[in-house]
Every structure is written in C-alpha cells, then in structure tokens.
Amino acid sequence: MTDIQIERADGRASALAAGSARRLLAGIRFVAPVFGMLLVWELVVRAGLVDGRVLPPPSLIAARGFEMVFDTEHAVLLQHIGHSLYRAVAAFAIAVVVALPLGFWLGLNRTAYNWISPILSVLLPLPAVAWTPIFLVTLGHGDATIISVCFLGAVFPVLYSTIQGVRAIPPHTIWVVRSMGAPRHAIFTKVLVPASLPTVMTGFKLGLAHSWRTLVAAEMLAALSYGLGYMIFAARQYMDTQTMFVGIVLLAMLGFIFEHFLFGTVERATIRRWYAHHRKGG
Amino acid sequence: MSAEPAFKPRLAAIPDPGEPKIVAEGINKTFINRENGEEVVAIENLDLTIRDQEFVAIIGPSGCGKSTFLYMLAGFEDISAGTLSMDGHPVTGPGPDRGIVFQEFILFPWRTVLRNITLGLEMQKVPRAEAEAAARKWIGLTGLTGFEDAYPATLSGGMKQRVAIARALAYNPEVVLLDEPFGALDVQTKFYMIRDLQTLWQEAHKTIVMVTHSVSEAVIMADRVVVFSARPARIIYDERIDIARPRDALDPKVIDRQREVTEVLSAEVDKQMRREAGRNPLGN
Ligand SMILES: Nc1ncnc2c1ncn2[C@@H]1O[C@H](COP(=O)(O)OP(=O)(O)O)[C@@H](O)[C@H]1O
Ligand SMILES: [Mg+2]
C-alpha cells in the first residue's frame, strides 16, 4: 500500500469515526436529561420531601419491575406487556388494512370525499375510549372490546393522513405518468403510493400512538386478567404504587420505541433519503 | 368577433415544412366557473396546423387559453366544439406519442435523476439496460452528466427542469408539449437553459409545441411563432422564424423579430386592459 492509499483509508476511517462520535454525542444529549430527572426524583424521595408511598423512587420501581419478571410464576410482567402489545398492534394492523384502501379511494374520488369528509371531521376529534361502554355491552370484557376501541383510536389518523397524502399529489404528476402510457396499476404503484408515503407514514405513527394511548384506558375498563392498563388499575386495590409506576414507565418506554425505532428505520430508508439533501448544480 | 386580419401573412421561405402532424379546426372551449356557474369561453373557433418536426412557440396574454390548448393536445382537456387530430386520428386522451413538461418541474422525488428519466421506458416494458442507455443519451444532451444518481431534492430549479425535459424525450414521443418550461426559473438560469438546449431540439427530431410568455424565448427557440389573442383565444399572428441556429439574442434579425412579436402582443394586452377597465368603471 502506498502512502496515498493509506492516507485515503485513514480519511475514510476518521470520517466514519466522526459520524459515530456525533451519534454518540446526540445519544448522550438525549439520555443525560432523562437520567438527571431520575436522579433528582430519587434524591427528592430519599430526602423525605415527597411521600415514598405515593411516589416511589426509581430504584424501587426498577427493583419491582425485575421482581415481576424473575420472581413470579410465568414472568407476570412479560405477560402484561405481551397482552398489551398484541392488542395495540392488532388494532393498529386492522386499522391500516381498513384505512389504507379507504383512504386511497376517498383521496382519489372527489364525490365520495365530499360525502364522507364531513362525517370524518366529526368523528376524528372524538376520543375512542368513549366507545368502550358500547363495546362492553355488545362484546363483553376481553380482547374483542379492547381491540375494537383501539382500532377506533388508530383508524382515523391513518385514514385522514392517507386521504391528505393522496389529495396533495399534484394532478400534473399523474398527468406526466399518464402521458407515458402508464396502465392504472402502474400509476398506483409507481406514483400514488410513493408520492403519498411521507404523509401516510405520519398517519401510521399517529395511528399506532393513538392505539397505544387508547389501550391503557380500554384495558382499565375492559381487561379480564392481563395488560399494562389492567396491571396499573388492579394495583390500586393494594395501594401498590410501585407496580403502578412499573406500568407507567413501561408505557412511556414502549411508546417511545414505537415512535423512534419502528418507523424511524422505514423513514431513514425512504423519505429522508429522498428529501434530506443539499442542493447542487446551477 | 372582429374579422379584420391582425397581420399580413408574409411569404417566407419555409425550411422543410413536413406533413401536417397536429390539425386543430374550429376548436372551442368553454369552462363553467365553479363558484358562480358562469360560462367562460377560453378558446373560440381556433384553427392551427402544426407540421411534423416543427418547433412552434405559442405566446399570448396570460389567461388567454394557451395552457388549455396545450392540455387539449396532450389529451387531458376535452374540446367543447371543433376537431383536433394527430396524424389524422382524433385526439381522445393522453398517450405515449405525446410527452409533456410543466412549468413547476414535476419530478418523482423518490427516484434518482436516472430513474426519473427511465420511468417512461419502464412503463413501456423496455428492458432495464436498454432504458438506461436511452436515458444516458438524454442525460448527456441536457447537461445532466454526473447527476445520474442524485435525488431531485438535491437539484436546483434549472437542473430539475432539465430532468423533466430529458424524461419527456427519453421515451421517444413524437410530439413534446412544453408549458412555460422556463417560467419558474430566474433570468440567469433561463438564459443558460435556452442557450444549452438549442441543439437538443434539433437533435430530438420531434414536433415541439412550447407555450411561453417570453417573446425572446419564442423567437430564439422556435421555427414558428404563433400569438394568441386575449380570451377567447384566436390566432392573431403566425410567422416562421427563418434564422439559422444557433441563434444569438443580439443578432439584429432576432431583435427585429422580437420587436415585431412584441408589438402584436402589447397591442393585444392593451386592448384587453381597456376592455377590463370598461367592465370596471372605477378602473382600479
Ligand atoms: N378547469 C378550469 N375551470 C374553469 N376555468 C378554467 C379552468 N382552466 C382554465 N380556466 C380558465 O380559462 C382561461 C384560460 O386559462 P389558461 O389556458 O390556463 O391560460 P394561459 O394562457 O395563461 O395558460 C382562464 O381564464 C382560466 O381562468
Ligand atoms: Mg398557462
């Protein structure tokens, strides 16, 4: 290897190193305030400024969490998490299956849109949990009711975003591909889908977030045995604030993971690659 | 309508007129205004014959119906009355024999420059390697070499419009329709585009119809300049530009022609303004 080649390889290595250093720094910037908050919380409780029975310190919450995984039969905490994830994701998946085709249809068909959109604007701001008693009456306690309520939480944001995404496609974009003699299905797959993807992705994010938020309340009202919402609610009978906080912390953590990792990966592979660039050329 | 001819046809030597490609006869277009239900006559009794491989620039006051006419040729806007045919067949809808370029550089941001340009060929099931070879030819001719793998978001307006032009040419339509292709560009970029692309149009061997609001653009680029009247659109000027290419904006022959077209156009704009002032007595 000549000196020049070594130099180039070094340059590439140092660029890589700089990149990972930047990511590390960003990670620290994010984690540090969270740890700071936990530390203050711990100290405030330990110093006796707050009643530890109402607000248990993070160390005890963590200990309780581990206990619920390792010192219980069937790792009860994992059962709660599993049930909650299953319900939220199932509701979200059904919402996508329903809202995506419906959204494309309403986005493309002006007459249908004019009829349906007023109804949507009335239903969109309605909290899905409000439907829980109706489902309890018809479906009883259990997964069917919880998933139905979460579905209602997830379906409107996905539907609304899909419609917006499709409607925002400039008609001339479709004219350009039609001029190429594109058959209908190609217009759909090669233009409508990718063009609406950024907005549809936002809808997915919102849909899953809504499903997750709705879940807690629905589980409190309709779950029979498992689920984080159920766990938090059931713990009140024993004044078990540690278990309640285990549930709350997990809800936050899982919600965070959905938002930043699940969709982040898809976004990095698509939208950010298409749009996040600097301009070049004159 | 006034029947007086607005110009005296001049018998110029016509370089290679070609067979009639697009024939419009007695075209009318009436829009219904969505808000008040009033009829807007955009085009009235328009006749125009465009010949094979002719480069025609259409110019006229804004709102006179130029885009409407172009979209009719593209097959996206239907005709209220009259006939419009291409190669003797009535135009009934869009088709790959006509490519279109819009002012707002419509690109597919999820595709690289190369993939934007190959899309038309992909639609026609042309094998990938062949499609890329064809695309690269137009990338070269439009000055996009080196940008093949760039995403549109990284390009300036001028480069974006080069991609849109290359894309419209790459799938080999017989007619290319351009709706104010340089209208969204700054003066400097526009100047370079018009200069750089002069040879492209000759190389393309296509019938080209370009709508523009710039007289100099029309005179420097086209074989023939057609001026539309204020709405409803009729033809008030139709002349061949017999000036050898490449044309220079400072060539006295070019300047002469620009003056001639500008006179026809400003007389028309004045007439329109007077008519509008008449409709609005406060004249604000
Ligand atoms: N879809 C439409 N509905 C109603 N009026 C229209 C429509 N498209 C164009 N017009 C009207 O027709 C006239 C000609 O428009 P256009 O062809 O876009 O003019 P331009 O010469 O500036 O390209 C304008 O008065 C415009 O308002
Ligand atoms: Mg126009």
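Trainee: How many Å separate the centres of domain 1 of chain A and domain 2 of chain A?

Mentor: This is a predicted model. Chain A is divided into domain 1, residues 1-50, and domain 2, residues 58-280. Taken over C-alpha atoms, the centres of these two domains of chain A are separated by 31 Å.

Trainee: What area is buried between domain 1 of chain A and domain 2 of chain A?

Mentor: The size of an interface is often given as the accessible area lost when the parts come together. Here five residues of domain 1 of chain A are in contact with five residues of domain 2 of chain A. Carbon and sulfur atoms give 75% of the buried area, which is about 430 Å².

Trainee: Which residues in domain 1 of chain A lose the most area to domain 2 of chain A?

Mentor: Across this interface the rule finds zero salt bridges. Three residues together account for 82% of what the domain 1 side of chain A buries: F30(A), W41(A) and E42(A).

Trainee: Which helix gives the largest share of the nonpolar patch?

Mentor: The patch lies on the surface and includes F30(A), V31(A) and F256(A). Helices α1 (3-46) and α10 (241-269) of chain A each supply at least two of its residues. The largest share, five residues, comes from α1(A).

Trainee: Is F256(A) buried, partly exposed or exposed?

Mentor: F256(A) sits in helix α10 of chain A. Its relative accessible area is 31%. Buried means under 20% and exposed over 50%, so a residue in between counts as partly exposed. F256(A) is therefore partly exposed.

Terms used. Residues are numbered from 1 along each chain as its sequence is written. Chains are lettered from A and ligands numbered from 1 in the order in which they are written. This is a predicted model: local features need pLDDT of at least 70, side-chain atom pairs count only at pLDDT 80 or more; totals for chains, interfaces and linings use all residues. Side-chain values use heavy atoms; hydrogens and water are left out. Patches are made of residues with over 30% relative accessible area and no salt bridge: like charges are joined within 9 Å, nonpolar side chains (Val, Leu, Ile, Met, Phe, Trp, Tyr) within 5 Å. Accessible areas come from the Shrake-Rupley method with a 1.4 Å probe; for residues, only the protein chains shown count as cover. A salt bridge is a side-chain nitrogen of Lys or Arg within 4 Å of a carboxyl oxygen of Asp or Glu. Helices (H or I, at least four residues) and strands (E, at least two) are DSSP runs, numbered from the N terminus. Buried means under 20% relative accessible area, exposed over 50%, partly exposed in between (1.4 Å probe, protein chains only). Domain bounds come from an automatic or database domain assignment. Contact means heavy atoms within 4.5 Å. Buried area is the accessible area (1.4 Å probe) that two parts lose on being put together, summed over both.
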